[in-house]
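Morning, everyone. Let me take you through the side-chain contacts in this one. Please look at the screen.

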Amino acid sequence: CRMRGSSFSDIQCNRHWPYESYAVGDTQRLETKMESPRSQMKLSAPMLQRLESIRQGSQALAQGVEAVREQVDLLFTVEPTDKGSVQDEKDAAPGSQPPTPPSAKSDAGGMDHQPQWVIKANEFIDANIPRTPAMALLRDRATFCLGLANVMLSALLLLSHPRAFINYFIFKSFVLLGSRWFVYRLKLWHYYMLEFCYVAIGLGVVHTLLAPRSVLLFKTTFALYAGVLTAAVVATRNAFVLHSVDKITSLYQHLTPALVAWLLRWRTADVVPGWGRLSEEGRAAYTRAGFVDLCVAPMVVWGLWAATYYYLIFVRADAKVRERGYATMFKLQTRNPRAPISKFVFSFRTKEQQYAAYLAVHGGTCFAGCLLNLLWFHSIVLHTALILAVMASSMWAGATWYFREKKPGGSVSVGDAPRVAEQADHGKGQ
């Protein structure tokens, strides 16, 4: 999409529209052949009828592709909304107006309210970073190599140096999340950074950096990482797509904490400083946990986050979000009116009730994940099986993203799209 230079260009994907140019080209070639008297003299009537049907089918294909492209552009175009009634907002929020703007440029009037550095940064990127197939291919290859190197280094540290793996996790937290905030700020997606998973990651970083011997933080971090963030790998369908920084960052923020939780519980002696100097009673405190430790304590953290989140997003920034087209998780989760969460949330009349219902669903899923901690904490077999299952889920999601079914007897890689576009530019289209 970014090869077209359209309003959809900032979406991180490699799905282009090569079929449109081919269909239009075929139509033009067929029309030329049909209009040529010499060709008509050499072709029989059945052949002319077949060519006519092929020409009509090619035109229909081109029109269909164009219609789909227009629908995609409309899907990711955010129109300015005024402060209407709650009923108007309820009718528009679930389906008629998409929640997530593809970029700051596509937002109607959103850039007018941005800080000067955001405007300058977008202008610098547009002026100095070429959007060519060759540059996109180079970037994807470099990102893929870095992603693969990260996987190998993480595996080495996880198996041989547990404490170093946790330090590497802290380092990646600052690098990946810091760069994500910058990118999301430019795209008007920065309110995503207030979600609960980022708070949970921050709590774990505080525990490992500032209070690594705190038993309370030890158990609370384990509960959030093993119960909530691990389940989020499957719930949010995180994909192992090595050449996409955004997808790898999303996978990191859920899967890496799951591995950290496994180390905290089953390699405690290697990650807790001064373990050898602890008494038997002190060591036993790390291996005993019940309902209060694994369910109540993490939900207290969630409750503090939920109250702060409600005030910041749904009270203080509510008008700003609607006027400037900022993306929020509430918009994203309720964009499909047929989804169960949308039906439940918008069954309430006032927007305050809708926001509260959304947080209630969020809290219920987090509590369900915390309840499962009673299994993971007391069984290394079950906990290891959980880790392997979510890793398999992310790898399968990545394989599904890379390869999609084409026709019986073959598959096509989404990563081939830049190469097809590059060959077409040089007259070598497939």
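First, a term: a salt bridge is a side-chain nitrogen of Lys or Arg within 4 Å of a carboxyl oxygen of Asp or Glu. Keep in mind that this is a predicted model, where local features need pLDDT of at least 70, side-chain atom pairs count only at pLDDT 80 or more, and totals for chains, interfaces and linings use all residues. Residues are numbered from 1 along each chain as its sequence is written, and side-chain values use heavy atoms, with hydrogens and water left out.

So, charges. Asp270 and Arg267 form a salt bridge, at 2.8 Å from N to O. Salt bridges with shared partners also join Asp318, Arg322 and Lys351 into one network. The whole structure has 6 salt bridges.

Which residue does Asp246 bridge to? Arg180, with the closest N and O atoms 3.0 Å apart. This pair links distant parts of the chain: Asp246 sits in helix H10 (residues 245-266) and Arg180 in helix H7 (residues 162-186), 66 residues apart. Helices here are DSSP runs of H or I, at least four residues, numbered from the N terminus. Arg180 is buried, at 5% relative accessible area. Asp246 is partly exposed, at 28%. The cut-offs: buried is under 20% relative accessible area, exposed is over 50%, and partly exposed is in between, with a 1.4 Å probe and protein chains only.

Now the nonpolar core, meaning buried Ala, Val, Leu, Ile, Met, Phe, Trp, Tyr and Cys residues joined through side-chain atoms within 4.5 Å. The largest one has 75 residues. Phe169, Ile201, Tyr225, Phe314 and Tyr358 touch the most other members. Apart from that core lies another, of 6 residues, including Trp401 and Tyr402.

On to rings. Phe, Tyr and Trp rings (the six-membered one for Trp) pair if their centres lie within 6.5 Å; planes under 30 degrees apart are stacked, over 60 edge-to-face, the rest tilted. There are 23 aromatic pairs. Phe314 and Tyr355 are stacked, because their centres are 4.0 Å apart and their planes are at 10 degrees. Phe314 is in helix H13 (residues 291-316) and Tyr355 in helix H17 (residues 351-371), so the pair ties together parts 41 residues apart in sequence. Phe314 is buried at 7%, and Tyr355 is buried at 4%. Trp401 and Tyr402 pair edge-to-face, 5.6 Å centre to centre, with 90 degrees between the planes.

Key: Helix = DSSP H or I, 4+ residues; strand = E, 2+ residues; numbered from the N terminus.
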